[in-house]
Amino acid sequence: MYKILKKEILAPKIKLMEVDAPEICRHACPGQFIVLRMHEKGERIPLTIADSDRKTGLLTMVFQEVGKSTKELGALCEGDFIQDIVGPLGTPRDIEKLDCVVCVAGGVGVAPIYPEAKAYHQLGTRVISLIGAQTKDMLIFKDRMEKVSDEVYYSTDDGSFGHKGFVTEVLNDLLEKGLRPDEVIVIGPLPMMREASRVTGKFGVKTVVSLNAIMVDGTGMCGSCRVTVDGETKFSCVEGPAFDGHKVDYDELIARQKRFLAEEKLAMEHYLAGAGGCKCHQK
Amino acid sequence: MSSKVRKQRHEMPKQAPDMRISNFEEVALGYTPELAVAEATRCIGCPKKPCVSGCPVGVDIPEFIELIAEGDFLGAAKKIKEKNSLPAMCGRVCPQESQCEAVCTLGKKGDPVAIGALERFSSDYERAHGESLTEAAPSDLSLGKVAVIGSGPAGLTCAAELTKLGYKVVLFESLHATGGVLRYGIPEFRLPKAIVDEEVEYIRSQGVEIRLNVLVGTTVTVDELFEQGFDAMFLGTGAGLPYFLGVPGENLNGVYSANEFLTRANLMKAYRFPEYDTPIWVGRRVVVVGGGNVAMDSARTALRLGAERVSVVYRRSRTEMPARLEEVENAEEEGIEFMLLTNPVRILEDDKGWVKGMECIRMELGEPDDSGRRRPIPVSGSEFILDVDTVISAVGTNPNPLLIRTVSGLALGRRGNVIADEETGETNIPGIFAGGDIVTGSATVIAAMGAGKRAAHGIDEYIRTKNGRGM
């Protein structure tokens, strides 16, 4: 059992939780994730590690409520327990000092990009961060990212903060103006990672994306998370989740992410009929 | 006396096929005490006891059968447990027909004694009568401390045996539940999970500490475990990454590995969705590729999840099928169709990324290959299209690479399996032992149990020698 020591609402439907998980924190590296299961009947949900502290043993997770399980997770409160957490899973990112990296984050993807930006920053790499969200309200991790970045650019779909439009447009502008980072890291929705990779491809800039494929065990046993990279089938849970952005078959993965849409809808209806919801203020 | 022995064995009652295809309850119902006694009295108690040498863990088969014949069912259960810590599971999933029963003297002139069914009966009787946990746990576990990695059949057996020998065992499991393939692979209707729970509970009651959600090599490293004071380690991490078909279209929606399909259904209980959160999708027309027990389990699970028609496509003939005969018969009774000497060529896609068919080719058998089985050869021009919307690939798995790739210097075989001594489980690294599918590649539950048991004795000898106590 893992106790929730802190819960924070970062934006509408985006929540942060800190849990007591010293063993996982001791080995967690940027780019890795955990799989959690809330209770006996719960599904196994992969969540990228947003931060981990070896000294306190606190593991930070950030998630957006998109389906039944994340909504139910969001309804847990400080002091509640999560039954199972296993990790750290996935191949750690190989991070070494470079001259310059660009971190491109879309939506809730800014949380998993933070540990990578932080690690590069600590090594003395120049970090330029490009953060996109639908609206100003949905921008999260602003302070954290500013602390570990040399420059930060923002964009919102509605123009309520920063550039009006997509974050990939900001990326395109910077590259057109002559910026040539050693590496571009992109984490966000699949269409955004596909577009960012298309943009960097034009300029021949190395690009790493982090994939959020559907998983069950998260340890390479089931193959649910398979994705085609450079014409070969890879398991994103063990061989990823980070891959060369120019070689991922995004269209296939976008289709695979829709495998359980009908069931997800049914699960949500079933949950709402059972009066689910946050009980933090009823205690 | 032997002339009076009934030639036919007493068959175990089963759920009727038309009933069982709509539920996940156990198919075989087990003997009644009367049937068990009747079957047990068929054993002639021959002096050579070929059955015992046919058993990978050396259960005293004639002795426990005699106890059943005398009506001492609890005594029989106790007798089995002297050698086998997981009898209710073995009674269900062991391939007795190719082990103990294959060499039974009665088998020469009629049916062999139904050893598996009797083993199952006595352990079920013990469980039903609440006696299984009464056995006193060994009080002294001070000989040393051993880490057992993986709680599948190899790890559970190794842990139980080491406890009997006087060692403190910590059993590590990366999933949220124990049992390995017994939990995620074998369906409820063949091995009820309540039985896995009970047998694991028995092992825990004997003093084994179980730690779930720990992926050794990642959550805690092998070196850290040795630093924490473990004297030795057993790697029983089993099979891992599933093989796919290697044909175009294998990543389409509607294509599962058997591991994914069965893990969703068994470990995650997706057959009870939405009461349980994990979804599973089964179409109208399912095809399972492969000829082993996992293929049978997948096909029968798909049927129970509501598929209208389920076929098994296998590239060789019936004779070469590695599945247990009993499982093939069960599948046939339930209406699973077998398309033998058939191999997939490609999976066809509809306009939304889902499966809409599978192109297959007919095969014929040529000369025997490395496995000793006749090699299947495609018959050119025999391609045809199967109208299917779900494909389950049950063509085997790799040894699980996750832990072993973190152990530097560990000797591995060509297929990524750990190289370990067959008798002692020793690897090339002192203190690290291994057994089960991680060593042999996909094999049986009882073979893994046998390896776990032998490794426990190998570990015992290693620790005694290391501590200068001798045997």
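## Cysteines

The sulfur of A:Cys222 lies 6.3 Å from the closest cysteine sulfur, in A:Cys225, which is too far for a bond. A disulfide is a pair of cysteine sulfur atoms within 2.5 Å. A:Cys222 has 3% relative accessibility and counts as buried (under 20% relative accessible area; exposed is over 50%, partly exposed in between; 1.4 Å probe, protein chains only).

For A:Cys100, the closest cysteine sulfur is in A:Cys103, at 9.3 Å, again too far for a bond. A:Cys100 is buried as well, at 7% relative accessibility.

## Basis of the values

This is a predicted model, in which local features need pLDDT of at least 70 and side-chain atom pairs count only at pLDDT 80 or more, while totals for chains, interfaces and linings use all residues. Residues are numbered from 1 along each chain as its sequence is written, chains are lettered from A and ligands numbered from 1 in the order in which they are written, and side-chain values use heavy atoms, without hydrogens and water.

## Where chains A and B meet

In chain A, 46 residues are in contact (heavy atoms within 4.5 Å) with 42 residues of chain B. A:Lys41, A:Met221 and A:Arg226 supply 19% of the area that chain A buries against chain B, more than any other three residues. Buried area is the accessible area (1.4 Å probe) that two parts lose on being put together, summed over both.

Five salt bridges are counted between the two chains; each joins a side-chain nitrogen of Lys or Arg to a carboxyl oxygen of Asp or Glu within 4 Å. A:Lys41 and B:Glu275 meet in a salt bridge at 2.8 Å, N to O.
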